[in-house]
Amino acid sequence: MAVDTMTARTVRIGGAAAAWGDTLLGARQLVEKGDVDYLVGDYLAEVTMALLARARAKSPDGGFVPDWLASVEPILPEIHKKRIRLVTDSGGMNPAACRDAFVAAADAAGLAFKVAVVTGDDLTAQAGAIAAARPPEMFSAAPPPAAFASVNAYLGATAIAAALDAGADVVITGRVVDSAMTLGPLMHEFGWRHDDYHRLAAGSLAGHVIECGCQATGGLFTDWQEIADGWHDMGFPIVDCAADGSFVVTKPPGTGGKVSRGTVAEQIVYEIGDPRAYRLPDVTCDFSEVVLDEIGPDRVRVSGARGRAPGPDYKVCGTHLDGFRLVTTYMIAGFQAGAKGRRTAEALIERTARIMRAKGFAPYREVSIEVIGAEDTYGAGRRAFEAREVVVKIGLKHDDARALEVFAREFAHPGVAMAQGLTGVMHGRPKPVPVLRVHSFLWPKRDVPVAIDLDGDTRPAAIADTRAAADPPPHAAPPAPVAAGATTLVPLRALAWGRSGDKGNHANIGIVARRPEFYPWLCHQITAARIAGFFAHYLEGEVRRYLLPGFNALNFLLEDVLGGGGTASLRYDPQAKTYAQMALDLTVEIPRAWLDPDGPLAGWRPEGDE
């Protein structure tokens, strides 16, 4: 096993992929340069399961993500020689077929691996029971659809640990929570019990940090200029984990990127909702008092995660068809480009709606026009300026694909009949595609038949029956700071890093103070009401704010703000990837003395100053 500079034994786990479509080079880098004990490959997202279900329906050998095998196959001899164990969720909707493809590749290389498959997440066989129970959507309370395209429970780490206990070199799963692929090896290596909740929370946090690949090593970092020279060869994340649950985040030497308090903090706040109640199948985590310590170059120690009992249910992700959508873009340039582009889109929609009525079609179910470059995505916060080039996005929904074909047929008309300067129709006539919508609900663990198949021997996995513990009270904001002397305004980005992402139709915005003394100022000025006002043009629900005093962060959950989220949304940004960077434009009032040569913001100049 890898050993840290301390005498205590640690387990070293590398995260080789963030999603289906990530580079194939992560596995090779970690195997050749990372000195890892385990290699984790995360590939699944909510709608991915529906796409894989379609692939399996077309072929009994389909339904898994091929990228994982493509990334590890060329380096199987070195993996075997170094005795690196592999854990991946790339089994998707067909983990048995993924196993068979891996075994065939290993046989071709003359190598033998013990391969385990974890099953039980696919609840298609329980479709009748689920339909009879009519479980409401866990966030919106909406009723379930008439039929699901896919329905998968988010399994936990227990079965992965049991497979490793049984001697598996490789564990292939279907749908599991992303962090379980790290927690499972730690449960196995350190003998953590199912009720070692503080350690389970810490191991889950380690998994959360590396589950998105290079996002923990400077990918998507707010201070991108510090990282950009290394983008061509980004280092993939490694966690050195100790038996007490603490771990050190690092990356292979000589690779691009950066591991710092800021890069790790941004990843921790990514898509966690309430940090006191991050609910997983094995444990309910409290990350609000986590502490981050920079202990060396590209080395950050993480400690302080707390845990308590999880609930008796699995979260289940069901996907279903919900009509059709069409999304297309064009560019327009010249004087008043934004106004020209917007009016062109409106006229095209008016024209096609008239034709649709004449043909007997119902009106569009939803219409979305966004002029990118004229700051439409900022709503009332847009700047007053005249853009000279913009990209116009038109998104449409309808229950009948034939109605959207009317728009596709008329799409070229503005190029000869409306505003001058229109171009950039790169992909020709747009095509309607099915809308896949997510319906998440809770289902009893006792009704989910989790099993492990190792070398043809299938055994049930023992899943603990627990009842959720009460959530702790929210953290209070620190006392309001008082400036001694004159004040001035600076953008929030001068004081904080930010990262955002989606939780279904909700958005998550994490704001991390660059320095501890900034935290009270952020707590009292960056409020839920202020964030709600900034995103009022999209927001349909509430904004909830949570505090993380352990590393001086704030986390905002914006409910019903993404137009359906994922593939159900017509937005240019259906996953809230831009929200944090937009929010960092908000201004904060600070002591002007902070800008002095010996102040914490020395060198910063407020906007408008010469």
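Leaving aside its neighbours within four places in sequence, which residues is Ser-204 in contact with? They are Ser-179, Leu-183, Leu-280, Val-283 and Cys-285. Keep in mind as you explore that this is a predicted model.

**Ser-204 and its helix**

- Ser-204 has its place in helix H9, and this helix covers residues 197–210.
- Is Ser-204 buried or exposed? Its relative accessible area is 2%, and buried means under 20%, so Ser-204 counts as buried.
- Ser-204 also belongs to the set of H9 residues that meet helix H8.

**How H8 packs against H9**

- Helix H8 spans residues 180–190, and its axis lies 7 Å from the axis of H9. The two helices pack at an angle of about 140°, which makes H8 oblique to H9.
- The crossing of these two helices, H8 and H9, is right-handed.
- On the H8 side, the residues that take part are Thr-182, Leu-183, Leu-186 and Met-187. On the H9 side they meet Leu-200, Gly-203, Ser-204, Ala-206, Gly-207 and Ile-210.
- Sorted by class, the contact of H8 with H9 has 6 nonpolar and 4 polar residues, with no charged ones.
- Here is a handy idea for looking at any such list: an α-helix has 3.6 residues a turn, so residues three or four places apart point the same way.

**How H7 packs against H8**

- H8 has another partner in helix H7, residues 158–165. Their axes are 8 Å apart and the packing angle is about 45°, so H7 and H8 are oblique to each other.
- The crossing of H7 and H8 is right-handed.
- From H7, the contact uses Thr-158, Ile-160, Ala-161, Leu-164 and Asp-165. From H8, it uses Ala-180, Met-181, Gly-184, Pro-185, Met-187 and His-188.
- By class, the contact of H7 with H8 holds 7 nonpolar residues, 3 polar ones and 1 charged one.

**What covers H7**

- Which residues of H7 are buried? They are Ala-159, Ile-160, Ala-161, Ala-163 and Leu-164.
- The cover over these buried residues includes H8 along with several strands, among them S2 (38–41), S3 (85–88) and S4 (115–119). Strands S6 (170–173) and S19 (451–454) are also part of that cover.
- Just after H7, look for Gly-167, which takes a positive phi of about 105°.

**Asp-240 in strand S7**

- Asp-240 sits in strand S7, residues 238–242. With a relative accessible area of 5%, Asp-240 is buried.
- Which side chains does the side chain of Asp-240 make polar contacts with? One is the side chain of Thr-10, at 3.5 Å, and another is the side chain of Arg-12, at 2.7 Å.
- Apart from neighbours within four places in sequence, Asp-240 is in contact with Thr-10, Val-11, Arg-12, Ser-246, Phe-247, Val-248 and Arg-299.
- Asp-240 and Arg-299 are 59 residues apart along the chain, and their C-alpha atoms are separated by 9.8 Å.

**Ala-507 in strand S23**

- Ala-507 lies in strand S23, which covers residues 506–513. Its relative accessibility is 0%, so Ala-507 counts as buried.
- Leaving out neighbours within four places in sequence, the contacts of Ala-507 are Gly-501, Asp-502, Phe-556, Leu-557, Leu-558, Val-561, Leu-562, Ala-576 and Tyr-579.
- The C-alpha atoms of Ala-507 and Ala-305 are separated by 23 Å, and these residues are 202 apart along the chain.

Notes. Residues are numbered from 1 along each chain as its sequence is written. This is a predicted model: local features need pLDDT of at least 70, side-chain atom pairs count only at pLDDT 80 or more; totals for chains, interfaces and linings use all residues. Side-chain values use heavy atoms; hydrogens and water are left out. Axes are lines fitted to C-alpha atoms, for helices over the stretch in contact, and angles run from 0 to 180 degrees between N-to-C directions. Helices (H or I, at least four residues) and strands (E, at least two) are DSSP runs, numbered from the N terminus. Angles under 35 degrees count as roughly parallel, over 145 as roughly antiparallel, 65 to 115 as roughly perpendicular and the rest as oblique. A crossing is left-handed if the near helix is turned anticlockwise from the far one by less than a right angle, and right-handed if clockwise. Contact means heavy atoms within 4.5 Å. Ala, Val, Leu, Ile, Met, Phe, Trp, Tyr, Cys and Pro count as nonpolar, Asp, Glu, Lys and Arg as charged, and the others, Gly among them, as polar. Buried means under 20% relative accessible area, exposed over 50%, partly exposed in between (1.4 Å probe, protein chains only). A polar contact is a pair of N or O atoms within 3.5 Å; within protein, one must be able to donate a hydrogen and the other to accept it, and residues adjacent in sequence count only if both atoms are side-chain atoms.
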